[in-house]
Amino acid sequence: MIFYGGLLGGILHSVVAHLEDFEILYLSPAEFSGQRKPISKWLRSAAIESISIGSHPKCEIYVKWLDPVVKSKHAKLSFSKNTVFVEPDEGEVMVNGAIINSKTALRDKDKIQLGMNSISIMQLIAKEAGELTGTAQKNLAGRKNITIPATGRPGIMVNSGKPSIISKIKINPKKAK
Amino acid sequence: MKPGNTCGIKEKGRFLKTMRSFSNGTVKVAFSLKGTYRRLNWLWFGALGGLVSWVFALSGKITLPWLRELLSAGFDTDVQISTALYDSIFLGAAMGFGITLALSIVEEMGQSRMFSFWRILLRCVIAIVLGMLIFFLQELLTAKVLPNNNYLGHLLGWTIFGTVIGLICTLLSTIELKSGLIGGLIAGIVAVHIYYPLVYSDILIRA
């Protein structure tokens, strides 16, 4: 029975993970970074209009860690025409380092930060990235790419050369660890 | 140890500290939700579920005389199968409960929502009912329809059980219905081909 249970669990998860199209990868805070959360079912579900991101326990993407910047219903993720969209709800949202004010299309590996001074950064993992619509392409056109330094903490450097506000904050590396 | 000898105490303390940090680290890594460990978590928890099922199947068998009589009156004709049917009902309940409990916990841990015991409980109740039904039907099939083919009866029963567990894991979870069904079916078929030779090796040797 132990063998059966172990095999059942292992194989079931392998198949399910293989068939998962959209996931959210936590990048920051460090304690949660690297965790992948499946969202395909909610995105495709007719019963759920949008996935809410926030500090409220009923949010689908529940911010479990302490982040004073994150609102109870901070942002929304939705899905239409094979594209995932992010939209600010009660809080500020940054996509790849740029603040967005309206519904914005996301591509594979796009980074979502829940506010300028937020430590909550996540990335969309889209295994089957679809063709983007005209509006989506337009939304994506003005984006700047961001890089997260290997040193940890949410120090974000916008590729234009100008560091963002967060990167200017000096953090004691010992405390950050 | 002499009262003045603090060196030994210090060394012992250091050793215990090292051991504690090592065990904490190992446990943390083994149950981490990151990377490959996330997949391994499902394996650990599945095995744990199997262990829970085994313990329940051994110790949780309740004596229900009315059920025994009912089964005996209904199914004991030329061959006495009521005892096997009675046992299979409890085995199904234990398997359904143990494995679903473990897999539901690991699924809840791995999703982005808040951990919910109610969702786990709901899945467990459904799994107990369906597990009882599947194992009862499997035993009945093996005894009445396929008396000379123990393997086929078990293959059908355990494969259906795996598929049903996959289906139950999709209820109120992040697993899509299609993925759960395919995963459960494949897992059921593979698992039975490893489980069956281990448990029924005497039958295979005789064959």
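The legends below describe close-up views of a predicted model. Local features need pLDDT of at least 70, side-chain atom pairs count only at pLDDT 80 or more, and totals for chains, interfaces and linings use all residues. Residues are numbered from 1 along each chain as its sequence is written, chains are lettered from A in the order in which they are written, and side-chain values use heavy atoms, with hydrogens and water left out.

**View 1. Helices of chain B.** Chain B has eight helices and zero strands. Along the sequence the pattern reads α-α-α-α-α-α-α-α. Helices (H or I, at least four residues) and strands (E, at least two) are DSSP runs, numbered from the N terminus.

**View 2. Burial and surface of chain B.** Of its 207 residues, 39% are buried, meaning under 20% relative accessible area (1.4 Å probe, protein chains only).

**View 3. Contacts within chain B.** Of the contacts between residues at least 6 apart in sequence, 62% join residues at least 24 apart. A contact means heavy atoms within 4.5 Å.

**View 4. Strand β1 of chain A and its partners.** Strand β1(A) spans residues 22-28, and six of its seven residues are buried, so the strand is largely enclosed by the rest of the structure. Six bridges link β1(A) antiparallel to β11(A), residues 121-126; two strands pair if DSSP finds at least two bridges between them. Phe22(A) has Ala126(A) as its bridge partner in β11(A). β1(A) also pairs with β2(A), residues 36-38, in the antiparallel sense over three bridges. There, Ile24(A) is bridged to Lys37(A).

Technical notes: Buried < 20%, exposed > 50% of the residue type's maximum accessible area, 1.4 Å probe, protein only.
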